[in-house]
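Here are some exercises to work through with the sequence and the 3D view side by side. Try each task yourself before you read its solution.

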Amino acid sequence: MPLLHPITLTGQHATLEPLTFEHHDALIAAVSDGSLWKLWYTSIPKPEGMQAEIARRLDLQAKGSMLAFVVRRNDTGTLCGMTTYMHIDAVNRRVEIGSTWMAASAQRTLINTECKLMLLTHAFETLSCIAVEFRTHWMNQQSRAAIARLGAKQDGVLRQHMRMADGSLRDTVVFSITDGEWPTVKRHLHYKLGM
């Protein structure tokens with residue numbers, strides 16, 4: 001499964017570009033739009049931690065477990081977030097779409113929906129994945145609702161799954177879309193995007 005080859009995915013509203021250190025300053029501007037790091041139940045980098053976050057994602061990419069992207073708005077050309085393929089399982093042809101955050105001005109727009117459509121299309125139709133997962137904190141109601149609106153089904157909850165930066169334990173809600181469900185999900189996302 002050639003997941004680890006950086007690729008640019010372009011849609012009508014957004015473009016997903018391979019993450020590089022050159023995106024640092026634009027990502028600081030994006031994360032500052034809404035002070036996203038203040039949400040206690042997320043792991044969004046503070047502006048002063050952006051360099052380390054880029055390094056973390058690129059290190060995981062070099063190790064074969066992640067493929068990191070920045071999200072560029074097509075209407076303004078500015079960066080408005082990050083997303084990744086992560087927990088790459090080439091043997092079982094599974095991947096998770098996660099570590100996603102969007103600037104406040106890009107939230108509840110067509111940008112995130114289109115980014116998920118591009119990532120899912122690539123995963124199922126180019127990489128021949130059999131399932132794509134999404135995971136989020138139990139307390140992140142906005143994220144849980146957004147994942148469900150994509151057409152993903154909740155698989156379960158991993159209780160006390162991981163320790164957050166503040167020391168609290170996270171219950172992780174796991175969702176997925178299977179290859180058999182993909183045609184219906186794709187049609188649904190096209191409908192949402194007016195395609």
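**Exercise 1. Find the strand that holds Gln 160, decide whether Gln 160 is buried or exposed, and list its contacts.**

Step 1. Gln 160 sits in strand S7 (strands, E, at least two residues, and helices, H or I, at least four, are DSSP runs numbered from the N terminus). This is a predicted model, in which local features need pLDDT of at least 70, side-chain atom pairs count only at pLDDT 80 or more, and totals for chains, interfaces and linings use all residues. Residues are numbered from 1 along each chain as its sequence is written, and side-chain values use heavy atoms, with hydrogens and water left out.

Step 2. Gln 160 counts as exposed because its relative accessibility is 57% (buried means under 20% relative accessible area, exposed over 50%, partly exposed in between, with a 1.4 Å probe and protein chains only).

Step 3. Not counting residues up to four places away in sequence, Gln 160 touches Leu 169, Arg 170 and Asp 171 (contact means heavy atoms within 4.5 Å). Thr 172 is 12 residues from Gln 160 in sequence, with 7.5 Å between their C-alpha atoms.

**Exercise 2. Give the strand order of the open sheet, and say which strands stand at its edges.**

Step 1. The eight strands run in the order S1-S2-S3-S4-S5-S6-S8-S7, with mixed pairing.

Step 2. Strand S1 (9-10) and strand S7 (153-163) are at the edges; each has a single partner strand, so one side of each lacks a neighbour in the sheet.

Step 3. For a parallel pair, look at strand S5 (residues 94-102) and S6, joined over three bridges. Arg 94 stands opposite Ala 131 in S6.

**Exercise 3. Is Thr 113 buried or exposed, and what does it contact?**

Step 1. Thr 113 lies in helix H3.

Step 2. Thr 113 is buried because its relative accessible area is 14%.

Step 3. Leaving aside neighbours within four places in sequence, Thr 113 contacts Leu 189, Lys 192 and Leu 193.

Definitions and conventions:
Pairing = 2+ DSSP bridges.
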